[in-house]
Amino acid sequence: MLFFSFFKTLIDEQVIVELKNDMSIRGTLKSVDQFLNIKLDNISVVDEVKYPHLSAVKNVFIRGSVVRYVHLPAAVVDTTLLEDATRKEAAAQASKMGGR
Amino acid sequence: MSALAPYVGKVVVVITSDGRLFTGTLQGYDQTTNLILESAKERVITPDAPTEVLDLGLYLLRGESVALCGLVDDEIDSQIDWYKVRGLRLGETKKLGR
């Protein structure tokens with residue numbers, strides 16, 4: 001759930017999603033869900049000449065399972081907050097496992 | 001939930017995990033991204049030959065094989081002569097053998 005929450009804080013930011021089929025799509029992050037499926041608005045395909053397939057498309061839904069990377073501007077990420085949240089999550093997971 | 005609800009009833013472009021391009025009217029979907037496309041067509045875009053279009057009718061695509069579903073903007077789409085479009089063959093999302 002951590003990354004789901006993290007992506008929710010990035011809604012309305014411009015990101016580039018690199019897919020496992022090597023295509024990269026730039027757009028505004030509009031929506032994310034528990035599977036980390038991503039919806040981008042106002043997209044432009046990086047290297048449109050190679051990939052004209054989405055020329056008529058402005059908004060896309062990208063299945064979480066095919067995402068390789070989400071490139072973000074460093075400025076919008078609060079690394080301290082992320083580190084804290086990660087430590088809390090790790091601790092929660094550890095105690096959950098230990099209790100069994 | 002990042003739902004596909006706004007796309008239902010509209011013309012969409014679907015890219016599959018094996019690198020194929022489909023277009024059609026989205027009739028339905030579920031949480032695993034299974035899709036129902038009406039009047040589905042496959043557009044085969046290659047770097048050296050005119051675009052081939054294959055008429056498929058009513059199609060169900062299994063969620064596992066869906067990579068991307070894009071909402072088609074009719075204004076822009078009507079201005080494109082797909083027959084003339086050339087492009088790279090789309091890659092696969094899984095390396096062969098896995």
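**A Tour of Charged and Aromatic Contacts**

Begin by selecting Lys8(A) and Phe4(A): Lys8(A) lies over the face of Phe4(A), at 4.3 Å from the ring centre. Please bear in mind throughout that this is a predicted model.

Remain in chain A and select Phe3(A), Phe6(A) and Phe7(A), which ring pairs link into a cluster. The whole structure holds 3 aromatic pairs over all chains. A pair of aromatic rings is described by the distance of the centres and the angle of the planes. For Phe3(A) and Phe6(A), the centres are 6.2 Å apart and the planes stand at 90°, so this pair is edge-to-face. Both residues belong to helix 1 of chain A, and because they are 3 residues apart, about one helical turn separates them. Phe6(A) counts as buried, at 12% relative accessibility.

Next, select Phe22(B) and Tyr59(B). Their rings form a tilted aromatic pair, 6.1 Å from centre to centre with 35° between the planes. The pair connects distant parts of the chain, since Phe22(B) is in strand 2 of chain B and Tyr59(B) is in strand 4 of chain B, 37 residues apart.

While in chain B, select Arg43(B) and Trp82(B). The charged end of Arg43(B) sits over the ring of Trp82(B), 4.2 Å from its centre.

The tour now turns to salt bridges. Side chains of opposite charge can pair when their charged atoms come close. A search of the whole structure finds 12 salt bridges over all chains.

Select Lys30(A) and Asp12(A), which form a salt bridge with the closest N and O atoms 2.6 Å apart. This pair also links distant parts of the chain: Lys30(A) is in strand 2 of chain A, and Asp12(A) is in the loop between helix 1 and strand 1 of chain A, 18 residues apart. Lys30(A) counts as partly exposed, at 36% relative accessibility, and Asp12(A) as exposed, at 51%.

Select Asp73(B) and Lys58(A) next. In their salt bridge, the closest N and O atoms are 3.6 Å apart. Asp73(B) lies in the loop between strand 5 and helix 1 of chain B, and Lys58(A) in strand 4 of chain A, so the pair joins two chains. Lys58(A) is partly exposed, at 39% relative accessibility.

In chain B, select Asp18(B) and Arg20(B), whose salt bridge has its closest N and O atoms 3.1 Å apart.

Finally, select Glu18(A), Asp22(A) and Arg68(A), which are linked in a network of salt bridges.

Notes. Residues are numbered from 1 along each chain as its sequence is written. Chains are lettered from A and ligands numbered from 1 in the order in which they are written. This is a predicted model: local features need pLDDT of at least 70, side-chain atom pairs count only at pLDDT 80 or more; totals for chains, interfaces and linings use all residues. Side-chain values use heavy atoms; hydrogens and water are left out. A salt bridge is a side-chain nitrogen of Lys or Arg within 4 Å of a carboxyl oxygen of Asp or Glu. Helices (H or I, at least four residues) and strands (E, at least two) are DSSP runs, numbered from the N terminus. Buried means under 20% relative accessible area, exposed over 50%, partly exposed in between (1.4 Å probe, protein chains only). Rings of Phe, Tyr and Trp (its six-membered ring) pair if their centres lie within 6.5 Å; planes under 30 degrees apart count as stacked, over 60 as edge-to-face and the rest as tilted. A charge sits over a ring if NZ of Lys or CZ of Arg is within 6 Å of the ring centre and within 35 degrees of the ring normal.
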